[in-house]
Amino acid sequence: MARVKIYAEQQIQRINHLINELEEIRTNGNLLRERPNEKAWSSIEVIRHMSIGHQAYQKNVSNALSQLKEASPAEFIVAKGVPSFLIKRFPPQEEGKIKFKMKTTKMFKPVYSDEEIGKMDLNPIIDELKNGLFELKSWVEDYRTKEAASKRFDSALGPIVRFNVAEACEFILCHNERHFQQIRNNLKTKS
Amino acid sequence: MSEAHDSILANAFKPLELVRKTHSKFFEMWEEVDFKRHEFITEPGKIDRYFYVVISGVQCIYLIAPNGDKQVIGFSFDGSFSGVYDSFAYEKPSHYFLEALTPSKLLRINKSQYDSLFEIYPEFEHWGRVVHLQLLIGRVNREVELITKTSKERFEAFLSRCPKELEQIPQKYLAWYLNMSPETFSRMRASKS
């Protein structure tokens with residue numbers, strides 16, 4: 001199986017795109033509280049889920065970054081086999097169709113009741129993700145001038161999958177891009 | 001602002017003849033900023049809020065193709081203008097990266113300061129005409145060169161006009177600018193020497 005090539009500059013471009021899109025999503029106001037169907041997450045729950053996913057990597061990524069040696073930017077970094085496999089599962093198909101459902105373990109679930117969703121302040125939850133995206137970008141900018149592939153750590157899935165910083169950033173970014181598509185689909189059905 | 005900065009600005013804005021005595025507001029507008037090696041000055045998706053004149057260092061403007069490859073549009077270096085001009089002029093998010101390839105010192109003004117130059121000093125209209133014409137002709141020449149010349153001819157033409165400042169940057173950026181692989185560029189350079 002072909003391995004994923006990770007381009008730091010492309011990641012920065014994609015993160016900026018998500019940051020700008022998040023501000024557009026914010027303007028949908030109360031539509032973000034609505035579930036597309038009884039069992040599915042509302043957009044604000046999807047946003048919270050992305051923040052939880054990001055936070056699961058904060059400690060390990062910061063530790064790894066602090067231990068990496070300085071280096072000139074590489075043209076790209078080739079992800080190892082297992083990270084490549086995981087990253088490749090994420091991208092939505094053409095026309096925004098999401099390929100298959102992914103199982104979310106309990107620790108990554110935003111647990112809100114319908115009542116809570118109805119009255120919660122949306123902006124702090126959106127700001128939390130925005131800050132997470134800025135932090136993700138700072139990780140990319142940092143690893144870009146370091147030997148990013150030289151240090152591996154456990155992923156949020158456990159020691160069965162280990163990432164270097166570039167792979168972790170790509171994993172988080174692809175995960176977010178998939179969920180931004182979910183929000184787009186949610187808002188399309190509600191508008 | 002030092003005398004050295006005045007001289008850099010006066011040279012950059014030729015054919016205008018700018019001196020403190022007659023253009024004090026112009027010289028007072030500029031702010032000095034530093035960028036570390038490989039720091040981004042502008043990124044895709046962000047608006048470039050400034051117009052720059054380079055004091056020292058080399059900067060590269062490029063975009064990322066969908067497959068991740070860098071497409072280098074151009075460079076700025078000592079004494080030249082810098083910035084992502086379309087993003088600056090239209091106040092729209094940039095499509096390009098502007099990266100400091102070496103530690104860089106730049107002078108900058110923001111959009112309202114830039115616009116005010118044309119109101120305060122009528123002669124800036126003339127400067128604008130000259131600069132935009134140079135820019136347009138430069139872009140057309142480069143496009144013609146990319147379409148009509150072989151990679152060897154592009155390499156030769158580039159060497160004949162390459163400013164010494166570009167000798168300090170990684171060769172791969174020059175190769176991408178000439179639309180060839182870093183390996184081809186390196187081979188041509190070796191055969192030349």
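Predicted model: local features only at pLDDT ≥ 70, side-chain atom pairs only at ≥ 80, totals over all residues.
Me: How many bridges join strand E3 (residues 50-56) of chain B to strand E8(B), and in what sense do the two run?

Reply: Six bridges join E3(B) to E8(B), and the strands run antiparallel. Two strands pair if DSSP finds at least two bridges between them, so with six, this couple qualifies. Residues are numbered from 1 along each chain as its sequence is written, chains are lettered from A and ligands numbered from 1 in the order in which they are written, and side-chain values use heavy atoms, leaving out hydrogens and water.

Me: What are these "E" and "H" labels?

Reply: Helices (H or I, at least four residues) and strands (E, at least two) are DSSP runs, numbered from the N terminus.

Me: Which strand pairs with E8(B) over five bridges?

Reply: Strand E1 (residues 31-35) of chain B does, again in the antiparallel sense. Within that pairing, Val33(B) has Leu106(B) of E8(B) as its bridge partner.

Me: Why is E8(B) called largely enclosed?

Reply: Buried means under 20% relative accessible area, exposed over 50%, and partly exposed in between (1.4 Å probe, protein chains only). Five of the seven residues of E8 (residues 104-110) of chain B are buried, so the rest of the structure largely encloses this strand.

Me: What makes Tyr52(B) buried?

Reply: Tyr52(B) has a relative accessible area of 2%, which puts this residue on the buried side of the cut-off. Tyr50(B), at 25%, falls between the limits and counts as partly exposed.

Me: What is the order of strands in the open sheet of four strands in chain B?

Reply: The order is E2-E7-E4-E5, with antiparallel pairing.

Me: Why do E2 and E5 of chain B count as edge strands?

Reply: Strand E2 (40-42) and strand E5 (70-76) each have a single partner strand, so one side of each has no neighbour in the sheet. From one strand to the next, the twist averages 30°. Six bridges join strand E4 (residues 59-64) of chain B to E5(B), an antiparallel couple. In E5(B), Ser76(B) is the bridge partner of Gln59(B).

Me: Which helix packs on this sheet?

Reply: H1(A) does, touching E2, E4, E5 and strand E7 (97-100) of chain B. Contact means heavy atoms within 4.5 Å. The direction of H1(A) makes about 70° with that of E4(B).

Me: How do the axes of H1(A) and H5(A) cross?

Reply: The axes of H1 (residues 8-26) and H5 (residues 122-144) of chain A come within 10 Å and cross at roughly 170°. Axes are lines fitted to C-alpha atoms, for helices over the stretch in contact, and angles run from 0 to 180 degrees between N-to-C directions.

Me: Why is H1(A) described as roughly antiparallel to H5(A)?

Reply: Angles under 35 degrees count as roughly parallel, over 145 as roughly antiparallel, 65 to 115 as roughly perpendicular and the rest as oblique. The crossing angle of roughly 170° therefore makes H1(A) roughly antiparallel to H5(A).

Me: Why is the pair of Phe13(B) and Trp127(B) called tilted?

Reply: The ring centres are 4.8 Å apart and the planes stand at 35°, so this pair is tilted. Phe13(B) lies in the loop between helix H1 (3-12) and helix H2 (20-28) of chain B and Trp127(B) in helix H5 (residues 124-148) of chain B, so the pair ties together parts 114 residues apart in sequence. Both Phe13(B) and Trp127(B) are buried. Tyr50(B) and Tyr52(B) also form a tilted pair, because their centres are 6.2 Å apart and their planes are at 55°.

Me: How do you know whether His38(B) and Asn179(B) are buried or partly exposed?

Reply: His38(B) has a relative accessible area of 8%, so this residue is buried. Asn179(B), at 49%, is partly exposed. Phi of His38(B) is near 70°, a positive value in a residue other than glycine, and Asn179(B), not a glycine either, has a positive phi of about 60°.

Note on methods: Phe/Tyr/Trp six-rings, centres within 6.5 Å; stacked < 30°, edge-to-face > 60°.
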